[in-house]
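The sequence and structure are shown first.

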Amino acid sequence: MSAETVGEGTAGGAGGEVNRLKANSVGLVGVVFMAIATAAPITAMTGNLPIIVGSGNGLGAPAAYIFATVVLTVFSVGYVAMARHITAAGAFYGFISHGLGRVLGMASGLLAVLAYIVFEASIIGFFAYSLKGLVSSQLGLDLAWGWYAVLGLLVIAVLAFFDIHLTAKVLGVALVLEITVLGAASIAVALSGGGPDGIPLAAINPVNAFKGVSGSGTAAAGLGLFFAFWSWVGFESTAMYGEESRDPKRVVPRATLISVVGVGLFYVFVSWMIISGNGVENAIHIASGLVPGKDGNNLFFDPLGAHFGAWAVKVFQWLVVTGSFACAMAFHQCAARYLYAIGREGFIHPALGRTHPEHGSPVVASAVQSVIALALVIGFLAAGMDPYVHLYSLLALLGTMAILIVQTLCSFAVIGYFHKQGKHPETKHWFRTFTAPLVGGISMACVVVLLVLNMDTAAGPAAATLLFKLIPYLVIGTFLGGIALALYMKNRSPERYARMGRIILEDAAERPVVEPVPAAAQS
């Protein structure tokens, strides 16, 4: 059955009409900013690098990032091939529906919705934790973390109400600032010749990606590799903005590859220089908590203070706050677009598919996402839980498990779409649409295994909670619920079932990618 398309204004859909998102709202740079903002470089570095160095790969942390970069680049090859032919706000939902069928498509769509919904509340927990500590230490004002969380959610809700171009600008400023400070610290270390051990080349030896810290074994290496992959969560959001971008057939593939490769190279360089600046053994000891009065943040504070002074450390602390806010806002946009994509096809509730008449934003889905995120925050507050130990860690693990499973299925959907179904032979290729997705899918499945094996360590003190024990069941239950919903629609509402995952942008609907004709050939 052909895809149902969405043209200008509205198109056929559940209940007769489907509102579309505002086209031409964002360009290549804006999509890249939003994708990288979800990865949140400064949050990934300050949150994940100390664990990789202290409990994972040790000296081999940069090598772990090299390995993750290669795997995710291979995954992206098939992902962008799909994006050239299917442009929809549902991204994974639409891709898997077309490649593996509507049943798995709906199951994956609900998993993606679950992931992005909880990601916003998770990152808001980190934001509230960081801002509370910073305001208390630098301004002497001590407020409960819940106030900061609610403030963050309200600001995000207001920004998301308007044209996505506004969000792209805000994210762009935050992203440039955090990349600047991380890059400045790393370049300063490089120009000074490193630290006590110079600049160790062993740190980027790929073999060390599979060695545990100080010879601790493969289990530690697996933990480090998982946290390296975790640092990219959200990069795949590029495809969600296809309907709102200019020339989506070019913008989405380019933005995806720029996000993956660019972030990867940045992570490798920063982690390498941070370890070098501290000295290998000293970095491992700091990250492991073996140096009195210091924690993982000192991996960054010490080189910054040494090269730029105490003021740079204070600026860095504030940028951790703005970076986490930008990350939460980017995930809010992702969640809203998934809710919108499912809503406009008549699932959950068709009102979710409404857009603002002027701004073209998914206004109802955005409001629903804000309410859900607020409810999650209030729930953790009522339970007396910590914003970092519980809200951030537990919901991040839940969302990461869900999205990694969806990424795995998406890789196999590429093979199903181009090879089993035989769609678009002009794009079909032995490497781009078969070998790369196959390797990417198997690799993503291995990352899921790494997550399962290292969940206790990743959760830390929160591993003792009931929610932690429920995480696998919530993921499995959501997936099975999606299958049940699809089968129910197939039997009870064939028209809605036929529409499942099939509403895509009209001017980017399933059509061959036409290469530009050289001027000489036109004459």
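## His-332 and its surroundings

His-332 touches Glu-120, Ile-156, Ala-160, Ser-366, Gln-369 and Ser-370, leaving aside residues up to four places away in sequence, where contact means heavy atoms within 4.5 Å. The place of His-332 is in helix 12, helices being DSSP runs of H or I with at least four residues, strands being runs of E with at least two, and both being numbered from the N terminus.

The model is predicted, and local features need pLDDT of at least 70, side-chain atom pairs count only at pLDDT 80 or more, and totals for chains, interfaces and linings use all residues. Residues are numbered from 1 along each chain as its sequence is written, and side-chain values use heavy atoms, with hydrogens and water left out.

The largest pocket has a volume of about 900 Å³. On a 1 Å grid over the protein atoms alone, a pocket is an open set of points with protein on both sides within 12 Å along at least five of seven lines, a cavity is a set where a 1.4 Å probe fits but cannot get out, and lining residues have an atom within 4 Å of a point; grid points are joined across faces, edges and corners, and a volume is the space filled by probe spheres set on the points. The pocket is lined by 36 residues, of which Thr-46, Phe-126, Tyr-129, Asn-297 and Tyr-388 lie nearest its centre. By class, this lining has 20 nonpolar, 15 polar and 1 charged residues, with Ala, Val, Leu, Ile, Met, Phe, Trp, Tyr, Cys and Pro counted as nonpolar, Asp, Glu, Lys and Arg as charged, and the others, Gly among them, as polar.

Pro-387 is found in helix 14 and is buried, with a relative accessible area of 4%. Its contacts, not counting residues up to four places away in sequence, are Gly-125, Phe-126, Tyr-129, Trp-145 and Tyr-392. Although Pro-387 and Gly-125 are 262 residues apart in sequence, they are 4.6 Å apart in space, C-alpha to C-alpha.

## Enclosed cavities

A search of the whole structure finds 3 cavities of 30 Å³ or more. About 180 Å³ of space lies in the largest cavity, whose lining of 16 residues has Thr-38, Ala-39, Ile-123, Trp-230 and Tyr-392 nearest its centre. Its lining has 11 nonpolar, 5 polar and no charged residues.

The second largest cavity holds about 40 Å³ of space and is lined by Leu-72, Phe-229, Trp-232, Val-233, Phe-235, Leu-404, Gln-407 and Met-444.

## A positive phi at His-424

His-424 has a positive phi of about 50° although it is not a glycine. This residue is found in the loop between helix 14 and helix 15 (431-453), and His-424 is buried, with a relative accessible area of 11%.

How values were computed
Buried means under 20% relative accessible area, exposed over 50%, partly exposed in between (1.4 Å probe, protein chains only).
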